[in-house]
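Load the model and keep the sequence beside it. We will go from the whole chain down to single residues.

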Amino acid sequence: MKNIYRSIALLVILLSGCATNVAPINKPDVSIVKVNEVQKKIASCVAEVNQSEDAKYVDEHILVLTDKSPNAKELFNSSDKIASDQAAVLKRFKESTLKCRVIANELPSPALVAVYTNFYINIDAVYKDLIDKRITIGVANQERSMRIQYAKERWAQILKAEKGSS
């Protein structure tokens, strides 16, 4: 974070004392490279977690985690509440995702980190409501899907705004 502020301060100093036609350092490209790098690390971690037996069980019986979820339609329409043994598996699955969540802190933008942080807070609330039997499996899947979509939209807005301000 200090490096970002130092870079901005240096850029301001250079630009304020220089009236030449020299192009400024293209800082946004470096940031996009870093964003892409961090997203790949997160995706790799999630893919690894999704190979676990707990994740496979969750994907098949509780929450649609992957595009290849075998029972996606049934899970989105389920009126069942989670069973105790399913809740135990879901809790273990959530714990296994924690190592992936911290990777988001490596993002070069506090606003992008906030998108992930907010997403995880909202997803955890869905998991808690499901485990506490306040919502059905179907409602949990619908809410999870909406929160994923919202996070993607928010992510795109922030990236667009940050590109536009460069």
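A residue counts as buried under 20% relative accessible area, as exposed over 50%, and as partly exposed in between, using a 1.4 Å probe and protein chains only. By that cut-off, 31% of the 166 residues in the protein chain are buried. The model is predicted, so local features need pLDDT of at least 70 and side-chain atom pairs count only at pLDDT 80 or more, while totals for chains, interfaces and linings use all residues. Numbering starts from 1 along each chain as its sequence is written, and side-chain values use heavy atoms, with hydrogens and water left out.

Start with the fold. Helices (H or I, at least four residues) and strands (E, at least two) are DSSP runs, numbered from the N terminus. The protein chain has seven helices and zero strands. Its pattern along the sequence is α-α-α-α-α-α-α. Contact means heavy atoms within 4.5 Å. Of the contacts between residues at least 6 apart in sequence, 71% join residues at least 24 apart. The accessible surface of the protein chain is about 10,600 Å² (Shrake-Rupley method, 1.4 Å probe; for residues, only the protein chains shown count as cover). Carbon and sulfur atoms account for 58% of that surface.

A disulfide is a pair of cysteine sulfur atoms within 2.5 Å. By this rule there is one disulfide. It joins C45 to C100, with an S to S distance of 2.0 Å. C45 sits in helix α2 (residues 27-49) and C100 in helix α5 (residues 84-101), so the pair ties together parts 55 residues apart in sequence. The torsion about the S-S bond of C45 and C100 is about -85 degrees, so the disulfide is left-handed. Are C45 and C100 buried or exposed? Both are buried.

Follow C100 into its helix. The expected span of a helix is 1.5 Å times one less than its number of residues. α5 has 18 residues and reaches 26 Å from first C-alpha to last, close to the 26 Å expected. Its buried residues are Q86, A87, V89, L90, F93, T97, C100 and R101. They cover an arc of only 155 degrees around the axis, which puts them on the same side of α5. The arc is that of the directions from the helix axis to the C-beta atoms. On the other side of α5, S84, D85 and E95 are exposed.

Finish at helix α7 (residues 137-164). This helix has 28 residues and reaches 40 Å from first C-alpha to last, close to the 40 Å expected. Its buried residues include I137, R144, W155 and L159.
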